[in-house]
Amino acid sequence: MPSDEARDRVRDQSLGIAAGWSPPDAPASWALTAELFRAIAEEDTLLDLAAAIPADRLPPLLLSAALRHLVARDAPVPLAGYFPTAGAGQPPLDAGFRPALVAFAAEHADEVAGLCREHRYQMNEVRRSADVLAVLAEIDPDRPIALVDLGTGAGLGLHLDRYRYRYTGDDGDVVVGDPDSALELACTVRGDPPAPRAVPRIAARAGIDVEPLDLDDAGVRAWLAACIPPETGAVDRFAAASAIARADPARLVRGDLVDTAAAVCAEMPAEALLVLVDTFVHVFLPDDERDRFRALLSRLGRDVEWISVDPLVPLGPEGRDSVQGLPVPERALEASRAGVTGVVGRLSVRDGAVSGRVLGLAHPGAAWLEWLDQPR
Ligand SMILES: C[S@@+](CC[C@H](N)C(=O)[O-])C[C@H]1O[C@@H](n2cnc3c(N)ncnc32)[C@H](O)[C@@H]1O
């Protein structure tokens, strides 16, 4: 039986995930995601299952994936009908969802617990490339880059030049990227982010992950699909991005990113600007590993940009520190207290000197990007 402490912790995390992904002004298509995580927080059957998962394995998220995996496999009626499938839109949500979910979880409790033991939560959100591109626009869109995606998962972030981007702000839309891409990543912008003029040329690319994911494996694809929030846009994006990545696979290196980054970076062309990207990765590293990574940057012996989109640490409403060790604006603290929020930061190494700042805030699924006013 999980302890009260574990239940309280998981309840808070689950409510934070619901609030971060689906704040009050979120489109209606996010309501199922919010209801799923609220149900995990509020229903004993679900909370007990989640609280039994070790704390470092993202209990509410891992439980949500295990449940979705079984629902996709068994197609139970009516539960399966609440979940979106690729290309089919967002089914309506009603009061029948929660009891159906709880009953299904109770019936499959042992199998759910087994899946949670065997798997890790592996969310791949390709739209975070829109956050990364906004930072690249601030750097130098005309200089070719060598892209190293840290914690790349299935490698979707490595193909950022193969997508089209639509940034919608008060002054209308900015559209950049591949006009013929099968995938458009739409992001609402607040504040005044630099408008990307183009996607920089990618001279070389490689991803690092402790568990790189082979999209050609149907079992892997099924698990990854179960880790996607049950929102029609996210489901469609994953399907389209998977097809793009499978058509032109990038190099994925298996290894711990702190141990492996220097060797992978050493293989990158010297004339390109080395850009390290981490989206929702460093938040999961222990404090001493994050310190070790930061110390590594100035030892790479070349100019480096590290673009990070990560919640503050520790993960949750008490988050107060940037994973990049940057000063954290009050607005970022406030947003993090309200729900899981990505903090967009840029850390640069030029001639061995390190500088950086927090630039903005991002919805965990990159539905919006808020650029922060910068101190003069
Ligand atoms: C939440 S996923 C994010 C995936 C992707 N960056 C995205 O935003 O869609 C975190 C990824 O980091 C990887 N990861 C976690 N710790 C790592 C480490 N120490 N070294 C390499 N990869 C790691 C996990 O395996 C997982 O694929």
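## Basis of the description

Helices (H or I, at least four residues) and strands (E, at least two) are DSSP runs, numbered from the N terminus. The model is predicted, so that local features need pLDDT of at least 70 and side-chain atom pairs count only at pLDDT 80 or more, while totals for chains, interfaces and linings use all residues. Residue numbers start from 1 along each chain as its sequence is written.

## Strand β1 and residue I145

Strand β1 covers residues 145-150, and I145 lies in it. I145 is buried, since 26 other C-beta atoms lie within 10 Å; a residue is called buried if 20 or more other C-beta atoms lie within 10 Å of its own, exposed if 12 or fewer, and partly exposed in between, with C-beta atoms placed from the backbone.

Once neighbours within four places in sequence are left aside, I145 is in contact with P200, I202, A203, A272, L273 and V275, where contact requires that the C-beta atoms of two residues, placed from the backbone, lie within 7 Å. The C-alpha atom of I145 is also separated by 9.4 Å from that of M268, a residue 123 places away along the chain.

Helix α1 (residues 4-21) has 18 residues and at 1.5 Å a residue should span 26 Å, which agrees with the 26 Å between its end C-alpha atoms; the expected span is 1.5 Å times one less than the number of residues. The buried residues of α1 are V10, Q13, S14, G16, I17, A18, A19, G20 and W21, and what covers them includes α2 (31-42), α3 (44-51), α4 (59-74) and α12 (330-338).

The axes of α1 and α3 are 9 Å apart and meet at an angle of about 105°, with axes taken as lines fitted to C-alpha atoms, for helices over the stretch in contact, and angles running from 0 to 180 degrees between N-to-C directions. The two helices α1 and α3 are therefore roughly perpendicular to each other, as angles under 35 degrees count as roughly parallel, over 145 as roughly antiparallel, 65 to 115 as roughly perpendicular and the rest as oblique. On the α1 side the contact is made by A6, R7, V10, R11 and S14, and on the α3 side by L47, A50 and A51. These contact residues of α1 with α3 divide into five nonpolar, one polar and two charged; Ala, Val, Leu, Ile, Met, Phe, Trp, Tyr, Cys and Pro count as nonpolar, Asp, Glu, Lys and Arg as charged, and the others, Gly among them, as polar.

## Surroundings of the ligand

The ligand is surrounded by 20 residues, of which the closest are N124, G151, G153, L257 and T279; a residue is near a molecule or strand if its C-beta atom, placed from the backbone, lies within 6 Å of it. The shell around the ligand is made up of eight nonpolar, seven polar and five charged residues.

## Loops with particular backbone geometry

In the loop between α4 and α5 (97-107) lies P78, which is joined to V77 by a cis peptide bond with omega of about 5°. A75 is found in the loop between α4 and α5, has a positive phi near 45° although it is not glycine, and counts as exposed, with 11 C-beta neighbours inside 10 Å.

A cis peptide bond also runs from V313 to P314, with omega near -5°, and P314 is in the loop between β8 (304-310) and α12. D351, placed in the loop between β9 (342-350) and β10 (353-362), has a positive phi of about 50° without being a glycine, and D351 is exposed, with 7 other C-beta atoms within 10 Å.
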